Amino acid sequence: MFQDIKARLIWEERRPGSGDRAVIVKDGTVLAGEKGQLPPMDVLTDEDLRPRYLLTMKQEDAEETSYFYISEAVLEEKGLLSGAVLQMPARDMRSESAAALQTLSGTEAEEERTDGEKVFAFRHPMGLYRHEGIDANFAAATAMHLAKWYDDNRLCGHCGSVMEAVGDERALECAGCGRRIYPAIAPVVIVGVTRGDEILLTRYASANGYRRHALIAGFVEVGETLERAIEREVYEEAGLKVHHIRYFASQPWAFSQSLLSGFFCDADEGSEISLNTDGKEELAEAVWVRREDIEPEDNTFSLTWTMIRAFKEGLC
């Protein structure tokens, strides 16, 4: 889970070191190899790239790896990205991965080339978790968050002038009126509603939504406290009133540009489940499940299933 990572953001520019990885984002996907590995930075040593935003991850008893975010726009500006193909100058090749990067396919699954090397392809960052672990996944997801923010804010929302990167912090500033903005982060509450040794598990109504059991969740509205958002979401989705709200943990969730805050709370005595049936219902199911009857349906990559497992094991 993301909380296990010692992460820090470093703003100054520096040359990548041995073992550092590149996180290249294109259309909501990241560049990765056949085993989910991110390309090493030593194949991207063109001085003109000047990667600026460094994510340094370190888990307990593990070596530190730095991840350099490089946007699609930077590669296109330097003439290195043409359509779905990444073209690196031969003088910049410094590793065995270089030849594969020269013939990068951005739309098809990677295929074995005649020379036996594998092609890197753009894919969803969730696949990195199975191969490189949560640190690479976190770096890739964070890069996707930044890529969307940069793309959504090319022009100033006030005067329409071009937005430019600020040198001393992660921010964009308008070249016309000087307006400065920072990455958008939407607060979300994840709520484990309990009733003694039972927890409320739900399923989303949307056919395109997450099909496994989950907890009640929702965005915090303007002017709301986290506690008020919890009370409102639980009542809107399940018809329950709650009390004894207590904090559990938080998790960045780049896929919705959010910061998740997890809480447990107790259902009021006599409060009964009542799903919304006005045609806008979010849940298809909401049921009480005893600790011993909880079956693992997902890994603890997400805060939701970290909370469910903690309840099952009596840790909260």
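Q: Where is threonine 202 placed?
A: Threonine 202 lies in strand β13; strands here are DSSP runs of E with at least two residues, helices are runs of H or I with at least four residues, and both are numbered from the N terminus. This is a predicted model, in which local features need pLDDT of at least 70 and side-chain atom pairs count only at pLDDT 80 or more, while totals for chains, interfaces and linings use all residues. Residues are numbered from 1 along each chain as its sequence is written, and side-chain values use heavy atoms, with hydrogens and water left out.

Q: Is threonine 202 buried or exposed?
A: Threonine 202 counts as buried because its relative accessibility is 0%; buried means under 20% relative accessible area, exposed over 50%, and partly exposed in between, with a 1.4 Å probe and protein chains only.

Q: And what is threonine 202 in contact with, leaving aside neighbours within four places in sequence?
A: With those neighbours left aside, threonine 202 is in contact with Arg212, His213, Ala214, Leu215, Ile216, Leu283, Glu285 and Ala286, where contact means heavy atoms within 4.5 Å.

Q: What do the buried residues of α6 pack against?
A: They pack against β12 (186-195), β13 (198-204), β15 (242-253) and β16 (258-267), so β13, the strand that holds threonine 202, is one of the elements in that list. Helix α6 spans residues 303-312 and is mostly covered, with eight of its 10 residues buried, namely Leu303, Thr304, Trp305, Thr306, Met307, Ile308, Ala310 and Phe311.

Q: What follows α6?
A: Glycine 314 follows α6, and its phi is positive, near 70°.

Q: Switching to cores, which residues of the largest nonpolar core touch the most other members?
A: Of the 20 residues in that core, Val23, Val25 and Tyr69 touch the most other members; a nonpolar core is a set of buried Ala, Val, Leu, Ile, Met, Phe, Trp, Tyr and Cys residues joined through side-chain atoms within 4.5 Å. At least two residues of this core come from each of β2 (21-26), β5 (65-71), α4 (134-152) and β10 (172-174), and α4 gives the largest share, nine residues. There is also a second, separate core of 18 residues, which includes Val189, Val220, Val234 and Leu240.

Q: You mentioned β10, so which strands form the open sheet of three?
A: The order is β9-β10-β11, with antiparallel pairing; two strands pair if DSSP finds at least two bridges between them. The edges are β9 (163-165) and β11 (180-181), and each has a single partner strand, so one side of each is left without a neighbour in the sheet. Three bridges join β9 and β10 in the antiparallel sense, and alanine 165 stands opposite leucine 172 in β10.

Q: How many salt bridges does the structure hold?
A: The structure holds 12, a salt bridge being a side-chain nitrogen of Lys or Arg within 4 Å of a carboxyl oxygen of Asp or Glu. One of them joins the side chains of arginine 154 and aspartate 151, at 2.5 Å from N to O; arginine 154 counts as exposed at 56% relative accessibility, while aspartate 151 is partly exposed at 42%.

Q: What about arginine 232, which glutamates does it meet?
A: Arginine 232 forms a salt bridge with glutamate 233, the closest N and O atoms being 3.1 Å apart, and its side chain also meets that of glutamate 236 at 3.2 Å, N to O. Arginine 232 and glutamate 236 both lie in helix α5 (residues 226-238), four residues apart, about one turn of the helix. Arginine 232 is buried, with a relative accessible area of 12%, whereas glutamate 236 is partly exposed at 39%. Salt bridges with shared partners link Glu224, Arg232, Glu233 and Glu236 into one network.

Q: Last topic: where does the pLDDT stay under 50?
A: It stays under 50 over residues 1-12, for which the model has 46 contacts beyond four places in sequence, and it is also below 50 over residues 83-118, a stretch with 82 contacts in the model beyond near neighbours in sequence. The chain averages a pLDDT of 76, and 64% of the residues score at least 70; pLDDT is the predictor's confidence in each residue, from 0 to 100. Where pLDDT is low, the predicted coordinates should not be read in detail.
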